[in-house]
Amino acid sequence: MRSKRLTWITVFVLAVLVSVTSSYARVPGVTMVIKGMSCPFCAFGLEKKLKKVEGVKSIKITLKTGKTVLSAEDGKSINVSQIPKAVKDAGFTIDSIEITAVGTIIIDDQKEMSLQVDGTSDTYRLTEVKNPVKKRLRSFAKSKTIVEVIGSIQKPGDSITSFTVLRVSEASA
Amino acid sequence: MIIPPRYWLLKLIIIGIVGICLYPTSTQALPVFGLRPPTLYKGGIGIELDFKGDQSSASGLSDKNQYFLITGLFYGITTDLTLRANIPVVLERRVGSKSSTGVGDVVLLSKYRFWRHDAIGAQDALTALVGVKLPTGKTSVTPSLGSGAFDFIMGLVIGRDSRRWTLSADIQSVLKTEGSNNIRVGHQFLANTAFGIRPWLGEYTDPDFIIMTELNWRGQLRSTQSGASLANSGGHRLFVAPGFTLIYRNWGLRGGVQIPIYQELNGNQRSDDYRFSLVAELHL
């Protein structure tokens, strides 16, 4: 009888945990600076390609600066790995990307830091991490705290595997 | 005046480059009569309806008027390669009291962008064009709706499209083959430059208006019939063409009028009074 109750409590706790962790997007937003856009036809082509990126709900393009902001659907994650190809197929160049990602910090044997994006198999190596951010990341890694990291990538290639940490904070549900 | 062959070759090359720039295959806010460097995005589909016409006249010859509706369909195979088909319907071709109407000569084109430089709010591009005009227009009517011959089109266009202004230059050559009545129309060479400016800078969701000015040169060698040169054929034409482009998201409208400023035509031929073009464009 007691073990049955324990099982039900465990199931309840797990269900609560799952609902909490899935209530925020793992990559809720991406901001890019795109080069090569000069007219609405350009922006339309880019918008069309970016709409096909998994998880993207809305796109805001500013022609003057090339700033392109992607927002995720509620509770979903933007598939960052699909972005470089989408921009390339539209006929433009990514100058820089700023990513907001939620996950846990992992430190490997070589003391390299990575962000394991929550609920996905995506892992990004965190580069140019300096104190005091480094110290905070170590602390979050140790406590396995779910964190929100804002990182940037300058002139990314065809795949995005790492980014520079700009800010890190505990993720809010 | 007979021009030595080596100069003709040079002219051919220059005209070819210019002609490429003028051929209407582009997809962005650039010339009405000239070529535009950008290609369509990968998987993109474009539809264009081009209503164009011209009038030409000469003393001792009856006036010639013609109006076309050209449906252009284009598809982005890759971000740098666009294929295009132009299907013209001759709404009316009138020479004196005789007129005819029907499908004209269909043109198939491919445009390949082999160089591109992107900057914030600007793009430079160099694009080559290759195509063929098919003898689909009837030649059994008077006036004829087609040439009855295959034409081979080659061109090159370079351009810069930025937020405030656009600039492009192109050359194009249209190499003709023998068509109906053993007539081979003289090879044609085209060169264009276009300059456009946006008086107001809007954002993506605002209407985008560009004022354009083009300079279009058309040169043509003498035509031949059964190998013999025809005296009343070939020559040069230079036009100035004011125009506009209006884009709203994936819709575009552009138009312009070509006004002849210099015409040197061999023998007794009709000279151009004007040419116009009004194009509606949709990207899907």
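Which residue in strand 8 of chain B stands opposite B:Gly159? That residue is B:Ser168.

This is a predicted model, in which local features need pLDDT of at least 70, side-chain atom pairs count only at pLDDT 80 or more, and totals for chains, interfaces and linings use all residues. Residues are numbered from 1 along each chain as its sequence is written, chains are lettered from A and ligands numbered from 1 in the order in which they are written, and side-chain values use heavy atoms, with hydrogens and water left out.

**Strands of chain B**

Helices (H or I, at least four residues) and strands (E, at least two) are DSSP runs, numbered from the N terminus. Two strands pair if DSSP finds at least two bridges between them. Strand 8 of chain B pairs with strand 7 and is also joined to strand 10.

| Strands of chain B | Sense | Bridges |
|---|---|---|
| Strand 7 (residues 151-162) and strand 8 (residues 165-176) | antiparallel | 11 bridges |
| Strand 8 and strand 10 (residues 188-197) | antiparallel | 10 bridges |

Strands 7 and 8 of chain B form a hairpin, with two residues between them. Toward strand 10 of chain B, B:Ile171 has B:Ala191 as its bridge partner. In a regular strand the side chains alternate between the two faces of the sheet.

**Where chain A meets chain B**

Contact means heavy atoms within 4.5 Å. Chain A brings 29 residues to the contact and chain B brings 31 residues. The buried area is about 2,400 Å², and carbon and sulfur atoms give 59% of it. Buried area is the accessible area (1.4 Å probe) that two parts lose on being put together, summed over both.

There is one salt bridge between the chains. A:Glu47 and B:Arg249 form a salt bridge through their side chains, at 3.2 Å, N to O. The term requires a side-chain nitrogen of Lys or Arg within 4 Å of a carboxyl oxygen of Asp or Glu.

On the side of chain A that touches chain B, strand 1 (29-35), helix 2 (40-51) and helix 3 (83-90) of chain A each supply at least two residues. Helix 2 of chain A gives the most, with nine residues.

**A loop residue in chain A**

A:Glu128 sits in the loop between strand 6 (123-127) and helix 4 (133-143) of chain A. Is A:Glu128 buried or exposed? A:Glu128 is exposed, because its relative accessible area is 61%. Buried means under 20% relative accessible area, exposed over 50%, and partly exposed in between (1.4 Å probe, protein chains only). A:Glu128 and A:Val165 are 37 residues apart in sequence, yet 7.4 Å apart in space, C-alpha to C-alpha.
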